[in-house]
Amino acid sequence: MTINVRDLGVVDAAEWFRHRSYDYTQFSIEGLGRKKAEQNLTVDAVLPGRNVADTIGGIVDEIHAVNQRSEREAGVPLVDRILVVDADSPDGTARVAREHGAEVFSENELMSHYGGAHGKGDAMWRALSVASGDLVMYMDTDTKDFRDELVWGVLGPILTVPQVRYVKAAYRRPFKAGEKLEEDGGGRVTELSAKPLFNLFYPELAGFVQPLAGEFVADRELFSSIPFMTGYAVETNVMIDVLNKVGLAAMAQVDLGTRQNRHQPLRDLSRMSYAVLRAVARRMREDGRLDLSRDKRVPPSLNQFSDYLHAVATPDGLKLNEYVEELVERPPIRDVVKNYR
Ligand SMILES: O=c1ccn([C@@H]2O[C@H](COP(=O)(O)OP(=O)(O)O)[C@@H](O)[C@H]2O)c(=O)[nH]1
Ligand SMILES: O=C(O)[C@@H](COP(=O)(O)O)OC1O[C@H](CO)[C@@H](O)[C@H](O)[C@H]1O
């Protein structure tokens, strides 16, 4: 009989945390450039963007600056291609990104036989159809205080530790409302949904400081072999599927200091949280740990469409908002793109 460590509640998250947590200061642009050259690897940076005209240009510039330093010291750029996947943003995101020298794709034009794109996760999945690097590094584009370590930090462990195949960013997250700054007030869905859910159901992942961070890297082979959920479910499903595919020892995190993202109103985060919960529930059901046939009261909300009733108090009184939340799961890209290489 095999005993599942999850059933026993015995996991090695604490040990993983000790061995697979790094700090960006342990690495350098020059050192990583040399490692990349030695291993003859190419790196694509994939930047999903929706209405980020105010931040995307500076981020692309910072990647070019990192490349210049790496080329000077190590003879190769650290990032070979910068792919911006734009949500046909009305604010001019695509134009700005192009002016700063990125390759720009409309998320709706990639894999267009799947119809219009469904949010962030879909943009990230569709980008794999045009990516060509040995490593693919995703990066959020709403970062206000972007610094160069946000480009090269996550590359540290993947270029220097042979067992590591997936690296996630870790950082402190300030919350900024107007002029008021709360030092560790950001990452509300992370703290109130993702971390408790992982502790309970995927305790191996409990050592990740920012499990929902949009900055992470893996070899393209790995990303092309797992499904991507659409919208804001993507980080959650990728964490679980990478864990199941390569195991915790092949995963790492790197402290990058702090990161200030653009904040959505708390009310919108309720739906983001629901996406995270649905991603976990889907995987649990597949793992046989959530048996819908046994509990008839469980609503059919784990399928593609789910009603989300959001009860709120407003200046005009109590309101019950109803949303139809759609969560689609895209298949491993290598299974659906002919001759994917
Ligand atoms: O439909 C979407 C929604 C978000 N994003 C990008 O995903 C990242 C994080 O999204 P968002 O700012 O909405 O989330 P938050 O940072 O508020 O959690 C940003 O780079 C967005 O531009 C995207 O490409 N398409
Ligand atoms: O981490 C979180 O709790 C949310 C919300 O952040 P804030 O409370 O606005 O700082 O932000 C993110 O989560 C999304 C869903 O996984 C990701 O797509 C975003 O990249 C990440 O910033």
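Q: How far is an oxygen atom of ligand 1 from a polar backbone atom of Arg50?
A: A polar contact is a pair of N or O atoms within 3.5 Å; within protein, one must be able to donate a hydrogen and the other to accept it, and residues adjacent in sequence count only if both atoms are side-chain atoms. Here the distance is 2.9 Å. This is a predicted model, where local features need pLDDT of at least 70, side-chain atom pairs count only at pLDDT 80 or more, and totals for chains, interfaces and linings use all residues. Residues are numbered from 1 along each chain as its sequence is written, chains are lettered from A and ligands numbered from 1 in the order in which they are written, and side-chain values use heavy atoms, with hydrogens and water left out.

Q: Which side-chain atom lies 3.2 Å from an oxygen atom of ligand 1?
A: A polar one of Asn261. A backbone N or O atom of Pro48 also has an oxygen atom of ligand 1 at 3.3 Å.

Q: How much of the accessible area of ligand 1 does the protein cover?
A: Accessible areas come from the Shrake-Rupley method with a 1.4 Å probe; for residues, only the protein chains shown count as cover. Ligand 1 has 520 Å² on its own, and the protein covers 92% of that.

Q: Which residues come nearest to ligand 1?
A: A residue is near a molecule if one of its heavy atoms lies within 4 Å of it. Of 14 residues around ligand 1, the nearest are Arg50, Thr141, Asp142, Tyr232 and Gln264.

Q: Which elements supply at least two residues each to the shell around ligand 1?
A: Helices (H or I, at least four residues) and strands (E, at least two) are DSSP runs, numbered from the N terminus. For ligand 1 they are strand S2 (43-49) and helix H6 (119-127).

Q: Which elements give two or more residues to the shell around ligand 2?
A: Helix H9 (188-201) and helix H12 (266-286) do. H9 gives the largest share, three residues.

Q: Which residues come nearest to ligand 2?
A: Asp140, Arg173, Arg188, Val189 and Thr190, out of 17 around ligand 2.
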